[in-house]
Amino acid sequence: MPSARSARSPRARVLGLIRRHGGSLLGSITATTSPSVVLTFDDGPDPHQTPRVLDLLAEHDATATFFVLLTRVRQYPDLVRSVLTAGHEIALHGADHRALTTFSAADAASRLARARIELEDVTGTAVRWYRPPYGAQSPTSWRAARRSGLVPVLWSGTLHDSAAVDVARRTAAADRAAAAGRIVLAHDGIADERDGVTDPPPPVSDRAALTRDFLRRCDERGIRVRSLHDALAAGAAPVRTLELTTLRSRSVR
Ligand SMILES: [Zn+2]
């Protein structure tokens, strides 16, 4: 006799997923099938932090994906080009740091489409991934991203470099994150009023030290650290939550 769970229709399962996660995970890449770990940095570029991160990545023969804010890209376009020259990947975090869920469907779509074109003018390469600020998504914002040719990417691990957590919890999170297939959230910038938000500043943490410790941990475990582009180019597949549009997708594809 089928269980209640397996008897649920695909639509009911998707709606349950949306309810549990407030829509935030919907149709987004959250992990990969790669034997590597994918490391990502949000909220940059930043003239102080980004070069430090680039040095650390070079020391560990690692690559990463940088989800940049256009508000910062306009200030530091050369820094963006340095990231690319060093072999890393540039992706979009937003025209600014305001949550896309606060805009109408039409505004969200036009903001993302214009932001993508402007960023591609700087990088000279196609921009494929989008990380919603705060990880905040709704079916409307998700559709806007997809219509703009972007794929939302969230995370399945974090260094807690912007969170008020104690050392033990931060260490435990980094330990869990240093695992094959994870997409790990870190930051090389701090969004502020220049980016359209007035969030309180994150608690002080030595972000470079957290990144260095994480890279060492991965080295010890023999796990390579890769940008999302590099992880997928090596034959891995993205792991994503169910697609809203089809209601038929598998959870892994
Ligand atoms: Zn952010």
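Here is a short briefing on strands and pockets. This is a predicted model, in which local features need pLDDT of at least 70 and side-chain atom pairs count only at pLDDT 80 or more, while totals for chains, interfaces and linings use all residues. Residues are numbered from 1 along each chain as its sequence is written, and side-chain values use heavy atoms, with hydrogens and water left out.

**Strands**
- Strand β4 covers residues 89-94, and six of its six residues are buried (under 20% relative accessible area with a 1.4 Å probe, protein chains only).
- Strands here are DSSP runs of E with at least two residues, and helices are runs of H or I with at least four, numbered from the N terminus.
- β4 pairs with β3 (residues 65-69) in the parallel sense, over five bridges; pairing takes at least two DSSP bridges.
- Across this pair, V68 stands opposite L92 in β4.

**Largest pocket**
- A pocket is an open set of points on a 1 Å grid over the protein atoms alone, with protein on both sides within 12 Å along at least five of seven lines; lining residues have an atom within 4 Å of a point.
- The largest pocket has a volume of about 300 Å³.
- Its lining has 19 residues, with D43, H97, Y134, S162 and H187 nearest the centre.
- β2 (37-44) and β8 (183-187) each supply at least two of the lining residues.

**Second largest pocket**
- This pocket has a volume of about 200 Å³.
- It is lined by 17 residues, and Q49, G189, I190, S205 and R207 are the closest to its centre.
- Helices α3 (49-59) and α9 (207-221) each supply at least two residues of this lining.

Terms used: Buried < 20%, exposed > 50% of the residue type's maximum accessible area, 1.4 Å probe, protein only. 1 Å grid on protein atoms, 1.4 Å probe; cavity = no way out; pocket = protein on both sides within 12 Å on 5 of 7 lines; lining within 4 Å. Points joined across faces, edges and corners; volume = space filled by probe spheres on them.
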